[in-house]
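Try each one before reading its solution.

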Amino acid sequence: MNHKRGFLAFIVAFVFIFFFGFVWHGMLMKPMYQATASMWRPEADFNSHFPILILGHAVVAFAFTGLYVSKVGINSAGVGFGYGTVIGIFACGVNIIRFAVEPLTTNILLMWFAADLICFAIMGALVGAIYKSLNAD
Amino acid sequence: MNWKKFFIAFIAAFVFVFVYEWVFHGIILKDSYAQMSALMRPQAEVNFPLLIVGQLVGAFFFTMIFVRGFGSGGGVAGGLRYGVLLGLFLCGGIIISYAVQPLTSTIAIAWCIGGIIEFAIAGAIVGTLYKPGPSAA
């Protein structure tokens, strides 16, 4: 395992998912979340939980990169894209379960589908392009 | 790819996930959900068929990711490691949800630990049941 490349891939994945989430959830979906305000923390409460939000993104990026590094390990943006796509579809299954038990709107569910598919596919391509195993050369 | 073994592993993973989540969420955490009823659909409005669809999608792609090279190999131990990493991936999503939704910390911690245990066992089941077919086939 190439720890240096793995760490670099993790940092890039973390930065990407954080900014993707900021744009997608914080800007694009903001009106949808405002329309269902009772389901979300108020602004001040959310701000006090911001470090936990960062921790959550770091855990997702770590596990996503860790799985690629330990189980795939191929230096290829295309393979990474495929890996991210199937992980994204898997995440959509979790979204469906949440929709079944939580009073989310259909628009939020569809936007979460799109977010997971786009975000993890790109994240996979980035990780695949960056990670290179020690015996690859 | 050994489709027969894949299908058996997928069905076993789905049955396990269904029973585990019924016991974990429907019985063990039932009282905890009563404390955050604003975030949950009333019992009569829970979309049970959609819940099953979500579990089917999750179990199918959980098995598919393992089988199609993104997590294959290693038998039971390999499946266990794969399940732990995917459980950790979902745990990151739960931490993000806790930061933005007024979930109780008890629920967030239970979801994380319960989710990692769930997917570790599901990974061990898939790792046990799936055996690649002859490479020439």
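**Exercise 1.** Find how many residue pairs are in polar contact between chain B and chain A, then describe the side of chain B that touches chain A.

*Solution.* Step 1: the count is 14 residue pairs in polar contact, both at pLDDT 80 or more; such a contact is a pair of N or O atoms within 3.5 Å, where within protein one must be able to donate a hydrogen and the other to accept it, and residues adjacent in sequence count only if both atoms are side-chain atoms. This is a predicted model, in which local features need pLDDT of at least 70 and side-chain atom pairs count only at pLDDT 80 or more, while totals for chains, interfaces and linings use all residues. Residues are numbered from 1 along each chain as its sequence is written, chains are lettered from A in the order in which they are written, and side-chain values use heavy atoms, leaving out hydrogens and water.

Step 1: on the side of chain B that touches chain A, α3 and α4 of chain B each supply at least two residues. The most comes from α4(B), with 16 residues (helices are DSSP runs of H or I, at least four residues, numbered from the N terminus).

**Exercise 2.** Which residues touch the most other members of the largest nonpolar core?

*Solution.* Step 1: this core has 80 residues, and A:Ile87, A:Phe120, B:Phe89 and B:Trp111 touch the most other members. A nonpolar core joins buried Ala, Val, Leu, Ile, Met, Phe, Trp, Tyr and Cys residues through side-chain atoms within 4.5 Å, buried being under 20% relative accessible area with a 1.4 Å probe, protein chains only.

Step 1: α4(B) gives the most to this core, with 11 residues.

Notes
Buried means under 20% relative accessible area, exposed over 50%, partly exposed in between (1.4 Å probe, protein chains only). Ala, Val, Leu, Ile, Met, Phe, Trp, Tyr, Cys and Pro count as nonpolar, Asp, Glu, Lys and Arg as charged, and the others, Gly among them, as polar.
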